[in-house]
Amino acid sequence: MKFSFEQGIAAGVAGLVATALVAGVLLVDHGAMAAPATASAPVRALPAPAGDAAFSDDATHASVVFAGGCFWGVQGVFQHVKGVSNAVAGYAGGSAADARYERVSSGRTGHAEAVKVDYDPRQVSYGQLLQVFFSVAHDPTQLNYQGPDHGSQYRSAIFSDDARQLAASRAYISQLGQAGSYRGPIVTQVASGQRFYPAESYHQNYMANYPQAAYIRYYDAPKLAALGRQFPALYRRQASLVPMR
């Protein structure tokens, strides 16, 4: 998802960048490469969080920011998780001045493409969100890339200012490592004190709005299918979309 507006316009090469004018905004299908119509999602049957990785929360609302590659797919997955009231695509890890797609795409701003997940802990636990994040939303062993997207803006990360969420995230990463859930080490960054900046409106609800885009069909739709297969009790058919003005 590395094409800026200028790059997308200048490329004009069939099979690389597909563009569409919607509401006066140029949409860039960053993954419009020659790809099969379907692909297998990296589904893993992970153990449920245990010990410090699981905690009870009787609050009515909580939030966490997940980063796992292109935010289109991560947002699309969590929009279909029961108990999630909102999942907003955006940027975390850098400054407000650089929190714009064309700058973040350079890989030099410190941001990660991320998704702020608002949820009701009474309906879905933080541990369940971690399971979804690590099993179907992305591959936590890929350092500074996810699939075809390369750069630190596509890193795996969890941003939170909740001490319990931070402790649970680190404990679950340790639990997965000890269980040998992956062939390689988990490289997910766990950090606090990082502000989240919502992305531009044309990035919001992208999977729902453009299900036939080549990138979505090949890289993201299989993740959503995997969510339904692996977590049927959590899967919500109707996406909880970001309200647009």
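Asn205 is found in the loop that joins strand 10 (196-198) to helix 6 (206-209). In this predicted model, the phi angle of Asn205 is near 60°, a positive value in a residue other than glycine. Most residues other than glycine have a negative phi. Asn205 counts as buried, because its relative accessibility is 4% and the cut-off for a buried residue is under 20%.

Asn144 also has a phi near 60°, again a positive value in a residue that is not glycine. Asn144 belongs to the loop between helix 4 and strand 6 (145-146). With a relative accessible area of 32%, Asn144 is partly exposed.

## The chain as a whole

The chain contains 7 helices and 10 strands. Of its 245 residues, 51% are buried. Among contacts with a separation of 6 or more, 80% are between residues 24 or more positions apart.

Helix 4 is mostly covered, with 11 of its 12 residues buried. Those buried residues include Tyr126, Gly127, Leu129 and Leu130.

## Packing against helix 5

The axes of helix 4 (residues 126-137) and helix 5 (residues 163-179) come within 11 Å and cross at roughly 50°. The two helices are therefore oblique to each other. Helix 4 passes helix 5 in a right-handed crossing.

From helix 4, the residues Tyr126, Leu130, Gln131 and Phe134 take part in this contact. They meet Gln165, Ala168, Ser169, Tyr172, Ile173 and Leu176 in helix 5. The residues of the contact of helix 4 with helix 5 divide into 7 nonpolar, 3 polar and no charged.

## Packing against helix 7

Helix 4 also packs with helix 7 (residues 214-230), at an angle of about 130° and with the axes 10 Å apart. Helix 4 and helix 7 are therefore oblique to each other, and their crossing is right-handed.

Here Val132, Ser135, Val136 and Ala137 of helix 4 meet Lys223, Ala226, Leu227 and Gln230 of helix 7. The residues of the contact of helix 4 with helix 7 divide into 5 nonpolar, 2 polar and 1 charged.

## The nonpolar cores

In soluble globular proteins, nonpolar side chains tend to be buried together. In this chain, the largest nonpolar core has 53 residues. Those with the most contacts inside this core are Phe66, Phe78, Val117, Tyr119, Leu129, Val132 and Phe134. Helix 4 gives the most to the core, with 8 residues. Apart from this core lies another, of 11 residues, among them Val65, Ala67, Ala112 and Phe196.

Phe134 links the topics above: it lies in the contact of helix 4 with helix 5 and is listed among the residues with the most contacts inside the largest core. Leaving aside neighbours within four places in sequence, Phe134 is in contact with Leu46, Pro140, Ile158, Tyr172 and Ile173, among others. Its contacts also include Leu176, Tyr182, Ile186 and Thr188.

Technical notes
Residues numbered from 1 in each chain as written. Predicted model: local features only at pLDDT ≥ 70, side-chain atom pairs only at ≥ 80, totals over all residues. Heavy atoms only, no water. Axes fitted to C-alpha atoms, helices over the stretch in contact; angles between N-to-C directions. Helix = DSSP H or I, 4+ residues; strand = E, 2+ residues; numbered from the N terminus. Parallel < 35°, antiparallel > 145°, perpendicular 65-115°, else oblique. Left-handed = near helix turned anticlockwise from the far one by under 90°. Contact = heavy atoms within 4.5 Å. Nonpolar A, V, L, I, M, F, W, Y, C, P; charged D, E, K, R; others polar. Core = buried A, V, L, I, M, F, W, Y, C linked by side-chain atoms within 4.5 Å. Buried < 20%, exposed > 50% of the residue type's maximum accessible area, 1.4 Å probe, protein only.
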